[in-house]
Number of protein chains: 2
Amino acid sequence: MNNQRRKKLEAAGWRVGNAADFLGLTETEDAFITVKLLLSRRLKEERERRKLTQKEMAERIHLTQSRIARMEASDREVTIDALLKALFATGVSRQEVAKTLTRAA
Amino acid sequence: MNNQRRKKLEAAGWRVGNAADFLGLTETEDAFITVKLLLSRRLKEERERRKLTQKEMAERIHLTQSRIARMEASDREVTIDALLKALFATGVSRQEVAKTLTRAA
DNA sequence: TGAAATTATGCTGGATTCGACATATTCTCT
DNA sequence: AGAGAATATGTCGAATCCAGCATAATTTCA
């Protein structure tokens, strides 16, 4: 199992090594997790582009460092709602978000 | 206040007639609600294009009619996560979702 | 008009997520 | 290696969301 897939499964709440390897993800789950992954990556890119630490980023958009960390990790408990709010608060436009979603998984 | 704005405010949990008219929404809130509105519209369009009732639609993607109704209404309690899952379950692709987000608010 | 179908809204208990803080782990230098 | 910065993870109470069911309101059409 490659690393990309491993991360995707873990984000979905799977523990690598269980039945997911055999069952696979449904297309719906796959598309959903991909969106989440793309948005979390974009959030991290935005932060790095601005050369900010997670702490600094958090302060600017009124969150905590831990929350930013989990968002960037595309953690299970993080919703797409939360990611979008963070991206918009960071100044990313709706059009840019749309473009991000077209990226290859 | 036009109808578009009224719906947007109500979706955000405002009761029309309160201070929102004077304060306005922040840009972040506005972008977020707009995304939600565009996705809920798309969901309704998909259903109507297939000439399905909410009940039929609900059965196909394993939800209830009331849930579909609230999603299409862009109800406050409905998350973007839920809307995306419904859209993907309906067969809309990630690329199509992205395109939907570029529509005019 | 009025019955049937369709859509919208009220409610509730259980599950999930959020924000916040503490602490652990990893990374980056010298 | 070791200090300090940066990032990741554990936990918890409060807030929010979800599924499901009942019922109200609206629409359709004979």
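1. A starting definition: two residues are in contact if their C-beta atoms, placed from the backbone, lie within 7 Å. With that in hand, the contact between the two protein chains takes 18 residues from chain A and 18 residues from chain B. Please keep in mind as you read on that this is a predicted model.

2. Let us look at the chain B side of that contact. Helix H3 (27-49), helix H6 (80-90) and helix H7 (94-101) of chain B each give two or more residues to the side that touches chain A. The most come from H6(B), which gives 6 residues. By class, this side of chain B divides into 10 nonpolar, 5 polar and 3 charged residues.

3. How are the two chains related? A rotation of 180° with 0.0 Å of shift along its axis superposes chain B on chain A, with an RMSD of 0.0 Å. That is the relation of a two-fold axis. In chain B, B:Ala98 has the C-alpha nearest the axis, 2.3 Å from it. The copies meet through the same surface, because 100% of the interface residues of chain B are also interface residues in chain A.

4. A word on the chain itself. Chain A has 7 helices and 0 strands, and its pattern along the sequence reads α-α-α-α-α-α-α. Of its 105 residues, 30% count as buried. Among contacts in chain A between residues at least 6 apart in sequence, 58% join residues at least 24 apart.

5. Which of its residues are buried? Among them are B:Ala31, B:Phe32, B:Ile33, B:Val35, B:Leu38, B:Leu39 and B:Leu43, and also B:Lys36, B:Arg42 and B:Arg47. Just after H3(B), B:Lys51 takes a positive phi of about 55°.

6. Which helix gives the most to the surface near DNA strand C? That is H5(B), with 5 residues. By class, the surface has 5 nonpolar, 7 polar and 7 charged residues.

7. DNA strand D comes next. Of the 19 residues around it, A:Thr53, A:Ser66, B:Ser66, B:Thr79 and B:Ala82 come nearest. Two or more residues of this surface come from each of helix H4 (54-60) and H5 of chain A, and H5 and H6 of chain B. For DNA strand D, H5(A) gives the most, with 5 residues. The classes here are 5 nonpolar, 7 polar and 7 charged residues.

8. Finally, some notes on confidence. Chain A averages a pLDDT of 85, and 76% of the residues score at least 70.

Technical notes: Residues numbered from 1 in each chain as written. Chains lettered and ligands numbered in written order. Predicted model: local features only at pLDDT ≥ 70, side-chain atom pairs only at ≥ 80, totals over all residues. Helix = DSSP H or I, 4+ residues; strand = E, 2+ residues; numbered from the N terminus. Nonpolar A, V, L, I, M, F, W, Y, C, P; charged D, E, K, R; others polar. Buried ≥ 20, exposed ≤ 12 C-beta atoms within 10 Å, placed from the backbone. Least-squares fit on C-alpha atoms with pLDDT ≥ 70 in both. pLDDT = per-residue confidence, 0-100. Near = placed C-beta within 6 Å.
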